[in-house]
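Biologist: Could you take me on a close look at the aromatic rings in this model, and at whatever lies around them? I am new to this, so please go step by step.

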Amino acid sequence: MGMGTLKYFFGGTYRMCARFVPAVVTFVPVAILIYLLLVQGMPAFYDKTHAMILEQLSPFWRTAIALMIVYLWGMLVRMFSKWCENKFFKDELHFPTTDFLMWSNRVFPVAYKKVLYVKVAKDAGFGLLTPEDELRDECEARSLIVAAVARMRDKTRGNKIVFWYNVTYGFVRNLTAGSVFSLVAALALLCLGRMEGTGSTLFALGLLLTLIYLLLIALAKPLCSFAGKLYARALINAY
């Protein structure tokens, strides 16, 4: 099973790095939990299933099934991460790209934004609000910028620097969002380990995974905000 098969399931570089890798990382405690429940909780069912199904499949199909499971897990993680993103950035109205292009924001100089606004009006076919109009209707100003940013993405789609910053942001967003599900599985492992004793390997593993995913969840907002700002700067400068 080589890179060709992985690309068949997960597409290009973005999907591989920003979706597949976070899916694998966040699926670890879930896979361990499922294995323990099947092997230790239902050994007869596991042995029968393994003999009737898994042993009859070629290595290719075993790997393909595993990849399909990870793919479906990755889709779940992505949908949840997009939901979190929309809640956090309010449907892109407060995404860094939008904030940076507001007249009230001082990340980019006013003279720079004046030139940028002219270019946006030419490419997008509509103009962004003036500083005075922005003060009167901030919501409309942000909505227009969101629409303009979509055009900016199209114009910079082939830029490798923007692409890799986008990959980084997607990776962070999916990893931190998927950690919510992983934490539940890690806590279940911790409980199972506690039943075996605090000195057991399973307890130590459950504790370690719980701490890792708790840390990722705690850092979700600052990490996503930081990665989003890096991507926003790269996109605006490339445009």
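Modeller: Let's start with Phe163, which has a relative accessibility of 26% and therefore counts as partly exposed. Keep in mind that this is a predicted model. The next residue to look at is Trp164, which also counts as partly exposed because its relative accessibility is 43%. For both, the reasoning is that buried means under 20% and exposed means over 50%, so a value in between is called partly exposed.

Now look at how these two rings face each other. A pair of aromatic rings is described by the distance of the centres and the angle of the planes. For Phe163 and Trp164 the centres are 5.3 Å apart and the planes meet at 75°, so this pair is edge-to-face. The cut-off behind that step is an angle over 60 degrees.

The count of aromatic pairs comes to 11. Another of them joins Phe100 and Phe108, again edge-to-face, with 6.0 Å from centre to centre and 70° between the planes. Here both Phe100 and Phe108 are buried. Rings can also gather in a group: Phe27, Trp73, Phe80, Trp83 and Phe181 make up one aromatic cluster. A charge can sit over a ring too, and Lys119 does this with Tyr239, lying over its face at 4.9 Å from the ring centre.

From the rings, let's move to a pocket. The second largest pocket has a volume of about 440 Å³. It is lined by 18 residues, and Tyr14, Arg153, Arg157, Asn166 and Tyr231 are the closest to its centre. Two or more lining residues come from each of helix 2 (13-41), helix 4 (59-89), helix 9 (160-196) and helix 11 (220-238). Of these, helix 9 gives the most, with five residues. Sorted by class, the lining holds eight charged, seven nonpolar and three polar residues.

Helix 11 deserves a look of its own. Among the buried residues of helix 11 are Ala220, Cys224, Gly228, Tyr231 and Leu235.

Finally, step back to the whole protein. There are 11 helices and zero strands, and 38% of the 239 residues count as buried.

Note on methods
Residues numbered from 1 in each chain as written. Predicted model: local features only at pLDDT ≥ 70, side-chain atom pairs only at ≥ 80, totals over all residues. Heavy atoms only, no water. 1 Å grid on protein atoms, 1.4 Å probe; cavity = no way out; pocket = protein on both sides within 12 Å on 5 of 7 lines; lining within 4 Å. Points joined across faces, edges and corners; volume = space filled by probe spheres on them. Helix = DSSP H or I, 4+ residues; strand = E, 2+ residues; numbered from the N terminus. Nonpolar A, V, L, I, M, F, W, Y, C, P; charged D, E, K, R; others polar. Phe/Tyr/Trp six-rings, centres within 6.5 Å; stacked < 30°, edge-to-face > 60°. Buried < 20%, exposed > 50% of the residue type's maximum accessible area, 1.4 Å probe, protein only. Lys NZ or Arg CZ within 6 Å of the ring centre and 35° of its normal.
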